[in-house]
Amino acid sequence: MKQGLAYVSLVVRDYDEAIAFYTQKLHFTLVEDTFVPSQNKRWVVVSPPGSSGTLILLARASNDEQEPFVGNQTGGRVFLFLATDDFQRDYNEMKNERGIEFVREPQQFDYGTVAVWKDLYGNMWDLIQFSEDHPLAKRFK
């Protein structure tokens with residue numbers, strides 16, 4: 001049996017502003033943007049550059065119950081982890097060239113190098129490069 005996590009939903013305020021942030025600021029690929037008339041919504045999927053793993057579904061908040069979760073899907077905890085093959089390159093580019101807000105500066109741990117940043121809505125992400133001996137390291141080479 002082979003299974004995998006295909007999508008992670010990220011609740012957003014607006015499709016187009018979210019697409020702009022992820023594709024222009026983070027250089028993610030817009031994989032799909034399809035209108036679903038029966039539900040009056042769009043199916044918007046993005047992917048980090050070079051990724052063949054889990055995709056992100058940008059899901060617009062569609063009611064008052066969902067609105068408070070835009071930017072706070074995990075109650076202030078880190079929600080998503082953007083792994084890289086070159087931490088320093090991506091950190092410098094994100095911070096200095098793309099204006100991404102980092103809320104925790106880079107730190108070195110046994111498992112790798114990590115810094116915490118916020119997306120356009122305030123969701124917390126890790127930028128992480130796994131150490132060579134970490135089980136996930138070979139996935140991001």
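# Helices, loops and a pocket

Visitor: In which element does phenylalanine 109 lie?

Guide: This is a predicted model, in which local features need pLDDT of at least 70 and side-chain atom pairs count only at pLDDT 80 or more, while totals for chains, interfaces and linings use all residues. Residues are numbered from 1 along each chain as its sequence is written, and side-chain values rest on heavy atoms, with hydrogens and water left out. Helices (H or I, at least four residues) and strands (E, at least two) are DSSP runs numbered from the N terminus. On that numbering, phenylalanine 109 belongs to strand 6.

Visitor: Is phenylalanine 109 buried, partly exposed or exposed?

Guide: Buried means under 20% relative accessible area and exposed over 50%, with partly exposed in between, for a 1.4 Å probe and protein chains only. Since phenylalanine 109 has 32% relative accessibility, this residue counts as partly exposed.

Visitor: Why do the buried residues of helix 1 line one face of the helix?

Guide: Helix 1 spans residues 15–25, and its buried residues are Tyr15, Ala18, Ile19, Phe21 and Tyr22. An α-helix has 3.6 residues a turn, so residues three or four places apart point the same way. The arc is that of the directions from the helix axis to the C-beta atoms. The buried residues line one face because, seen down the axis of helix 1, they fall within an arc of 165°.

Visitor: Which strands are included in what covers the buried residues of helix 1?

Guide: Contact here means heavy atoms within 4.5 Å. The cover of these buried residues includes strand 1 (7–12), strand 2 (29–36), strand 3 (41–47), strand 4 (55–60), strand 7 (112–118) and strand 8 (124–130).

Visitor: Which backbone nitrogen does a side-chain oxygen of aspartate 14 reach at the start of helix 1?

Guide: Aspartate 14 sits in the loop between strand 1 and helix 1, and with 32% relative accessibility this aspartate counts as partly exposed. A polar contact is a pair of N or O atoms within 3.5 Å; within protein, one must be able to donate a hydrogen and the other to accept it, and residues adjacent in sequence count only if both atoms are side-chain atoms. At the start of helix 1, the side-chain oxygen of aspartate 14 comes to within 3.0 Å of the backbone nitrogen of aspartate 16.

Visitor: Which residues does leucine 26 contact, leaving aside its neighbours within four places in sequence?

Guide: Leucine 26 lies in the loop between helix 1 and strand 2, and at 3% relative accessibility it counts as buried. Its C-alpha atom is separated by 9.6 Å from that of aspartate 90, 64 residues apart along the chain. With the sequence neighbours set aside, leucine 26 is in contact with Phe21, Pro49, Met94, Arg98, Ile100 and Trp117.

Visitor: With which side chain does the side chain of aspartate 90 make a polar contact?

Guide: Aspartate 90 is found in helix 2 (residues 87–97), and at 18% relative accessibility it counts as buried. Not counting residues up to four places away in sequence, aspartate 90 touches Thr84 and Leu127. The polar contact, at 2.4 Å, joins the side chain of aspartate 90 to that of threonine 84.

Visitor: Which strands are included in what covers the buried residues of helix 2?

Guide: In helix 2 the buried residues are Phe87, Asp90, Tyr91, Glu93 and Met94. Their cover includes strand 6 (101–109), strand 7 and strand 8.

Visitor: How much space lies in the largest pocket?

Guide: On a 1 Å grid over the protein atoms alone, a cavity is a set of points where a 1.4 Å probe fits but cannot get out, whereas a pocket is an open set with protein on both sides within 12 Å along at least five of seven lines, and lining residues have an atom within 4 Å of a point. Grid points are joined across faces, edges and corners, and a volume is the space filled by probe spheres set on the points. On these terms, the space in the largest pocket is about 920 Å³.

Visitor: Which element gives the most to the lining of the largest pocket?

Guide: The lining has 31 residues, of which Pro48, Ser51, Leu82, Ala83 and Phe140 lie nearest the centre of the pocket. Two or more lining residues come from each of strand 5 (78–83), helix 2 and strand 8. The most, 5 residues, are given by strand 5.
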